[in-house]
Amino acid sequence: MTHRRSEYAAEVRAMTGESGTPPASRRAFLAGTGAVAGVAAVAALTGGPLAQPARAAEVGGPSGGYAPVPKSALGPPLNADGYFVGQIHGDLYWVTDSAYQAMFLTTTDGVVIVDAPATIGHNLLKAIGEVTRANGRPATVTHQVYSHSHSDHIGASVLFGPDVVRIGHRECRTLLLRDNDPNRPAPTVTFDDRYTLTVGGQRLDLVYHGPNHSPDTIFIWAPEQQTLMLVDVFFPGWVPWKQLAVSQDIPDWIKAQDVALSYPWQTLVAGHLGRLGTRADAELQIAYVADLLAGARHTVTSLDPTPFFKQYGDNAWAIYKAYLDAASAQIAAPVTAKYLGKLAAADVFTVDNAFTVFEFAVREDGGMQGPFGIHP
Ligand SMILES: [Zn+2]
């Protein structure tokens, strides 16, 4: 999935004084896009006129016409470099830039890191340095696990150098060899179903339960720390990203939520946003998706496409677009109302998520075609 929108949102929050001055990484982002002149203006405006709600609404921030983000959805504040690193349990840590997350284990033999989101980038090394200076463990990253092949989650892998042992699902290697991206070296250690990684007395179980978000997404289970890392399936405190995280197998993505709950985890590292997940977060998302599914099943049997045929004549694509748009809106309306205030951005992505549930879980993979079923 992409992240520009959330980066922009973070930028707007920073500009309007909601979270203080922009972190260094964002200053670098601005500088990198040639918006250096804007940085001084951002600093000058922090806490200034743009922070007033009336003006903020005019410029599209902080809420930009959307409902405010519930405080419960937000994580800990970032440091001046633009990251937060925290201990999960024992030698297991997580790091976030409030949009993305990575996880790492410090061991007597070196660091095992899971993922390397591009937006956290060099701050991964700073976070590891900060933790290992404090606990006396070696700071060298010796092993890296890939949750899946997507660039946004592992695009900074190159920072750990060529000698790191990289581990991923066999399909992850196939995809990365195809992509041939120097920032994402293909894993050299692969597995089909299960792999136990033991380094310096610490253990991670890597398990493949079939495709869901991507063909190669794996479950990363830290048994001693009772922590599960599963990326682009759960979005603690938030509705799922657009079209159920643009996942490639929707019925299996929906099922992956339940598979995750079959692990006895107490902490979830979901790969996105600013905080860790709880089992209550997972159950709330499962209820949200179930509500979309119920609405989609009702809509496919009740929404009459006749007016769209009359309106668009021989333009078959326009007929389908109007039908799908109307279905998505009809499914989303009660779900948005129900979850607003409980899940952040329910009013941002629920129409897109309703479309995906309707189109894949119900119509295409679900086999319910309603008015487009077998012609009498
Ligand atoms: Zn992904």
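Which residues line the largest cavity? I started there, in a predicted model where local features need pLDDT of at least 70, side-chain atom pairs count only at pLDDT 80 or more, and totals for chains, interfaces and linings use all residues. Residues are numbered from 1 along each chain as its sequence is written, and side-chain values use heavy atoms, with hydrogens and water left out.

**Entry 1: the cavity**

I noted that the largest cavity is lined by His209, Gly210, Pro211, Asn212, Asp252, Lys255, Ala256 and Val259. A cavity here is a set of points, on a 1 Å grid over the protein atoms alone, where a 1.4 Å probe fits but cannot get out; lining residues have an atom within 4 Å of a point. The search of the whole structure gave 1 cavity of 30 Å³ or more. I wrote down a volume of about 40 Å³ for the largest cavity. A volume is the space filled by probe spheres set on the points, and grid points are joined across faces, edges and corners. I sorted the lining into 3 nonpolar, 3 polar and 2 charged residues. In this sorting Ala, Val, Leu, Ile, Met, Phe, Trp, Tyr, Cys and Pro count as nonpolar, Asp, Glu, Lys and Arg as charged, and the others, Gly among them, as polar.

**Entry 2: the whole protein**

I counted 13 helices and 12 strands in the protein. Helices (H or I, at least four residues) and strands (E, at least two) are DSSP runs, numbered from the N terminus. Of the 376 residues, 51% are buried. Buried means under 20% relative accessible area, exposed over 50%, and partly exposed in between, with a 1.4 Å probe and protein chains only. I also looked up contacts, meaning heavy atoms within 4.5 Å. Among contacts with a separation of 6 or more, 64% join residues 24 or more positions apart.

**Entry 3: the sheet of 7 strands**

I traced an open sheet of 7 strands with mixed pairing, in the order β1-β2-β3-β4-β5-β6-β7. Two strands pair if DSSP finds at least two bridges between them. At the edges I found β1 and β7 (189–191), each pairing on one side only. The twist averages 20° from one strand to the next. Helix α5 (residues 123–135) packs on this sheet and touches β1, β2, β3, β4 and β5 (141–145); its direction makes about 30° with that of β3. Helix α7 (residues 170–179) also packs on the sheet, touching β6 (165–169) and β7, and its direction makes about 105° with that of β6. For these angles, axes are lines fitted to C-alpha atoms, for helices over the stretch in contact, and angles run from 0 to 180 degrees between N-to-C directions.

I found β1 and β2 antiparallel, joined by 5 bridges. Their hairpin has 2 residues between the strands, and Gly90 there takes a positive phi near 55°. β2 also pairs with strand β3 (residues 101–107) in the antiparallel sense, over 5 bridges. The hairpin of β2 and β3 has 4 residues between the strands, and Ser98 takes a positive phi near 80°. Tyr93 has Phe104 in β3 as its bridge partner. Next, β3 runs antiparallel to strand β4 (residues 110–114), with 5 bridges.

Why is strand β2 (residues 92–96) largely enclosed by the rest of the structure? I checked its residues: 5 of the 5 are buried, so β2 is largely enclosed. Leu92, Trp94 and Thr96 are buried on one side, and Tyr93 and Val95 on the other.

I then looked up Phe84, in strand β1 (residues 84–89). Phe84 counts as partly exposed because its relative accessibility is 24%. Its bridge partner in β2 is Thr96. Leaving out residues up to four places away in sequence, Phe84 touches Pro76, Pro77, Leu78, Trp94, Val95 and Thr96.

**Entry 5**

I traced another open sheet, of 5 strands with mixed pairing, in the order β8-β9-β10-β11-β12. β8 (194–199) and β12 (267–269) each have a single partner strand, so one side of each is left without a neighbour in the sheet. Strands β9 (residues 202–207) and β10 (residues 219–222) pair in the antiparallel sense over 3 bridges.

Notes. On a 1 Å grid over the protein atoms alone, a cavity is a set of points where a 1.4 Å probe fits but cannot get out, and a pocket is an open set with protein on both sides within 12 Å along at least five of seven lines; lining residues have an atom within 4 Å of a point.
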